[in-house]
Protein chains: 4
Amino acid sequence: MSAPHLAPLDRTAAVAAIESAAAAYRNWGRWGDDDVLGTLNFVDDAKRLQAAGLVRRGATFSLSQAFDSHGPQNGWRRRTNPVHTMLDTGVDAALGSQGFPHGIGGADDVVFMPLQASTQWDGLGHIFDRGLAWNGRRAQDVVTSEGDLVTGIETTRDRFVSRGVLLDVGAVLGAGLGTGDELPDGFAITPEHLDLTIEAQGATADVGRGDIVLVRTGRLARARREGWNGYAGGPSAGLSFTSAGWLHSREIAAIATDTWGFEVRPNEFDDAFQPLHQIAIPNMGLFVGELWDLDELARDCHADGRWDFFLAAAPIQVTGAVGAPVNPLAVK
Amino acid sequence: MSAPHLAPLDRTAAVAAIESAAAAYRNWGRWGDDDVLGTLNFVDDAKRLQAAGLVRRGATFSLSQAFDSHGPQNGWRRRTNPVHTMLDTGVDAALGSQGFPHGIGGADDVVFMPLQASTQWDGLGHIFDRGLAWNGRRAQDVVTSEGDLVTGIETTRDRFVSRGVLLDVGAVLGAGLGTGDELPDGFAITPEHLDLTIEAQGATADVGRGDIVLVRTGRLARARREGWNGYAGGPSAGLSFTSAGWLHSREIAAIATDTWGFEVRPNEFDDAFQPLHQIAIPNMGLFVGELWDLDELARDCHADGRWDFFLAAAPIQVTGAVGAPVNPLAVK
Amino acid sequence: MSAPHLAPLDRTAAVAAIESAAAAYRNWGRWGDDDVLGTLNFVDDAKRLQAAGLVRRGATFSLSQAFDSHGPQNGWRRRTNPVHTMLDTGVDAALGSQGFPHGIGGADDVVFMPLQASTQWDGLGHIFDRGLAWNGRRAQDVVTSEGDLVTGIETTRDRFVSRGVLLDVGAVLGAGLGTGDELPDGFAITPEHLDLTIEAQGATADVGRGDIVLVRTGRLARARREGWNGYAGGPSAGLSFTSAGWLHSREIAAIATDTWGFEVRPNEFDDAFQPLHQIAIPNMGLFVGELWDLDELARDCHADGRWDFFLAAAPIQVTGAVGAPVNPLAVK
Amino acid sequence: MSAPHLAPLDRTAAVAAIESAAAAYRNWGRWGDDDVLGTLNFVDDAKRLQAAGLVRRGATFSLSQAFDSHGPQNGWRRRTNPVHTMLDTGVDAALGSQGFPHGIGGADDVVFMPLQASTQWDGLGHIFDRGLAWNGRRAQDVVTSEGDLVTGIETTRDRFVSRGVLLDVGAVLGAGLGTGDELPDGFAITPEHLDLTIEAQGATADVGRGDIVLVRTGRLARARREGWNGYAGGPSAGLSFTSAGWLHSREIAAIATDTWGFEVRPNEFDDAFQPLHQIAIPNMGLFVGELWDLDELARDCHADGRWDFFLAAAPIQVTGAVGAPVNPLAVK
């Protein structure tokens, strides 16, 4: 299976490149006019059964970053870090001010958070291409101030279970780059890099129809070591715009990375903003995960040499959400 | 394995009954002085491996209710329904006011919600018994205005995977009660009812060490049909205070129900508030799930006659949370 | 000064009546094409000087209802009551867990609230008439997901100071209706009722250019006595659609009531929603206050026989807000 | 009237200095055991009448900074900038998706904000001195997770009206310091500086019983020019700890500044945090305003040579708040 040919990127020609890639990789109508699931349609019962069969030790790995005020958000576009506050505490209980009978005390809490503040799935209503959403619907018919009326995250409620495959591009390429197991900021991961990584990792890293691909760049590891700096919105390694065809032809169900924005930053065109999103989400119907923590899982995969696993990553069911928090679990 | 004997409930003697049950079923120190996982310690790799082996068809079921403004909360104790608002919409994108280049448009959103507004796990810091939290810690040392500093939900990040068992007490007992597959409000589910249900459902419904038990009362089904009415905090079937010993002796990892509050409402003592919580959470270290939606899974279990399944139910990682939203997935 | 003639209301002819009233009372262009202040332009330095001259005793009255979880909101259209939570408390300080030096302790807090949850001013961007906002601007050019870009409440930051006049229509008409000092739900206050009230109250109740008129119906007093019931959005006395001309010809700066929605509920047309808003806000540019508490001030006015006063009612400066909380102060 | 003598500050002796000042300037019991208003008791009807008499031109000045995502907060101690989101917009109205009859459209909004995110009054429950709150109450009896149960901001609902006096210390001292009309960071404003400013400004700047004193340092003007930098919590000019006696002996009702924290930053003791707060709020019962914008008012005072005015500064009535947003209005 090979990706349609794409000419080398011309930094000044974002519009033409986007138009061409959108036309080449568009999945509109592939699963009917009413479809709301996009590439999640690639996952079927057989795939999930295969995924369950990958559990050999019963070891589990959470791929979630924390949701708290110490996260990477900086208020840009009103995205703050989560603010978690208490309605009742153990301190109140200890001082006997809660008014409950028979010695019971309680703590309770609330949270305010942008839905993409930390580990999340982008929903299909998150991005539009020239006014159109997934499957060719008009953006204004899909996401109003009431939320995503068509492809809200609740449509995926029981769908995020499949075979997961970790591609530790950071480790495979970082060695050659002299950057340890991390890619430098601005490094664009091309189809060749993805294939090289698969080859280096071996057969358990093969990627095919219905898989959920996790790409580790090492960006989070560096943020852990050096501070967030520009983690949210700033420079980072990430998928190249030229990977669109690879993502399309592999027929994967979803992709997630350990970065803020999935694709390389700065973007590969002048005056651009997340052009690969514009192909992947509204045109392919591809689900994209961001701000995942892949480090512990990567260590385990390096140790046991197996790069695939059962993955359950069901997002919180906020009705109409265009993105949603998730605590993804890998089981090996 | 049998539960320690408990005398019949005296409605006027809540304090004595709680003191006695707390002493009988307390697990403090069982997993060391530093333990923060309570009954989740019952789940080990072998258990998770067994759970994965229950996947036979690759069928998935989300056990989550919706998170939106149409939910059951009524503002009591400042618990509102989730409020989901948009930072950007498809309507804005359609009218070209977003200021992005090359035709990309976006939608983005935020949520404000009590962490126990909809489908959730209670954390171990949610309830105290006479000023003490799980493992005998002082409540004030565990949950301050900064959140749960010791047993915050993040300690469980990769732990909520196990064999799940659905006990459809509503269906098994409802028939005899003439209430269809739903229990009437105020119906207290005793150990005998649990055992009867297991017996009626057969061998796949056996409950043992490390299992996550899901008890369906039918309360949510009625709320769907008739409106929320008192779903949040009002009358409901639920576990009897007398089930504490059963919960303890079975060595289950967690329990969840399709009700607001897990235990029967009104409670079984005069002037009481959630006395079974007071035994289960701070004394046993038992994780309790509430507001789950078990109806679709129940229909499938009735159809195929198998009541156990792989369950992944990892809550959102709000640091320091005493309760946390989850989208639980059953895989059969 | 008399209002243009309006035919008696035909309940089935909302569209025609609205079109006619909008045309008759439209102030577009009156203060220039760039105007963002509408009827607040009627207040000038002389008016404010006159207002200050009304202070004779130094007595102050807050006209604000509370902002808390016990308010009238019921979640309709995602309007909850304010949720106020603590970031730090005196209980934490007492138990010494705050980590501050030299014995200082602190409490701090946050709020989540719809901007029209309690006592508020509607901004000029709150309502549109057939796609047009105040001064004839296109609605989509004024209020996007980023907020009101043109007439946000911040444009009024220093403007809400004027002579206030209280019209206690509830007391003046309630007597004749046998309803004490409260109007019955559904009672539509017409220009005749307003004039009757002014006449009954005497010269200090005269209403003219630049005044801020406060109309007391007694609806809040009843809610205090009997519970909120339908206070938010339900039946209530309020201004009649036929009062539009009176509001226009008097050249008042603003009007506020002790009700949820300013105009009579149910509205006076079949299948209607707040038709007087549609005339007052986008066409007249009139500022409307809702959920005010006029009871204590009314008692004082009855006692001293003076119905006008200095009024300072500057809303909180949430940039781009289409409504904003205010604690209005009357000084006599 | 002269302030009790205070020895020069010893940077290493915070505890002793605080203990001594607290004892010297404590107003506990001065207005009875039940008092919740502290220094607001200094304002009486006569004072308010005097204030109204200061209105000579009818000119108004808002002293509020903006409440939006571009403010000074940086997430420290979970204080974010306000997040304002829309429930409905003009864009939705323009595209006809709102479902309202007869051509009416609407916009509506919500806000999430720390109550001290922008221009605000500290309530008397905001600060404790060695476990005690205003009037000697135990901190735990005053502010629990339910909010301030005793001195919540609602107790001041109609009290913030008085004579205001602007002391432009930045302009008066900045000239001599070669820093224009701004004080350098870390500049501690002593009683001598306050008196010098009053003397320089003349008779209208006299400060006495019941006045609300506004101290302009120029810190906000610099933030406007150079960016927020450390405006929130960082270095700034502000009141010296040694001004406690001056604040006490003048019997002012309240004080507000154009800085984040009212007192000089860094504080004047080693290992200290806001020691003047510890004297002013729980001991004196003094209301403190922060994040005010005094620049436009200062320009007017320089122009007309009058430094006093009518001030109405009634905070939003969030029940139980320990701080509350306000849009203060000066009228001259």
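Contact here means heavy atoms within 4.5 Å.

Some ground rules. This is a predicted model, where local features need pLDDT of at least 70, side-chain atom pairs count only at pLDDT 80 or more, and totals for chains, interfaces and linings use all residues. Residues are numbered from 1 along each chain as its sequence is written, chains are lettered from A and ligands numbered from 1 in the order in which they are written, and side-chain values use heavy atoms, with hydrogens and water left out.

Chain A on its own, then. Chain A has ten helices and 17 strands. These are DSSP runs, numbered from the N terminus: helices are H or I with at least four residues, strands are E with at least two. The radius of gyration of chain A is 20 Å, close to the 20 Å of the globule rule for 332 residues, so chain A is as compact as a globular protein of that length. That radius is taken over C-alpha atoms, and the rule is 2.2 Å times the number of residues to the power 0.38. The C-alpha trace of chain A spans about 70 × 50 × 40 Å along its principal axes.

Now the interface of chain A and chain B. About 7400 Å² is buried between them, and carbon and sulfur atoms give 61% of that. Buried area is the accessible area (1.4 Å probe) that two parts lose on being put together, summed over both. H102(A), R157(A) and I316(A) supply 9% of what chain A buries against chain B, more than any other three residues.

Between chain A and chain B the count is five salt bridges. The criterion is a side-chain nitrogen of Lys or Arg within 4 Å of a carboxyl oxygen of Asp or Glu. Take R77(A): it forms a salt bridge with D88(B), and the closest N and O atoms are 2.3 Å apart.

Symmetry. A rotation of 180° with 0.0 Å of shift along its axis superposes chain A on chain B, RMSD 0.0 Å. The two copies are thus related as by a two-fold rotation axis. Superposition is by least squares on the C-alpha atoms of residues with pLDDT of at least 70 in both. F112(A) comes closest to the axis of the residues of chain A, at 2.2 Å by C-alpha.

Last, chain C and chain B. Here 16 residues of chain C contact 16 residues of chain B. The two chains bury about 1500 Å² between them, 60% of it on carbon and sulfur atoms. R78(C), F112(C) and S145(C) supply 37% of the area that chain C buries against chain B, more than any other three residues. Four residue pairs are in polar contact, both residues at pLDDT 80 or more. On chain C, strand β2 (residues 83-88) gives the most to the side that touches chain B, with five residues.

Conventions: A polar contact is a pair of N or O atoms within 3.5 Å; within protein, one must be able to donate a hydrogen and the other to accept it, and residues adjacent in sequence count only if both atoms are side-chain atoms.
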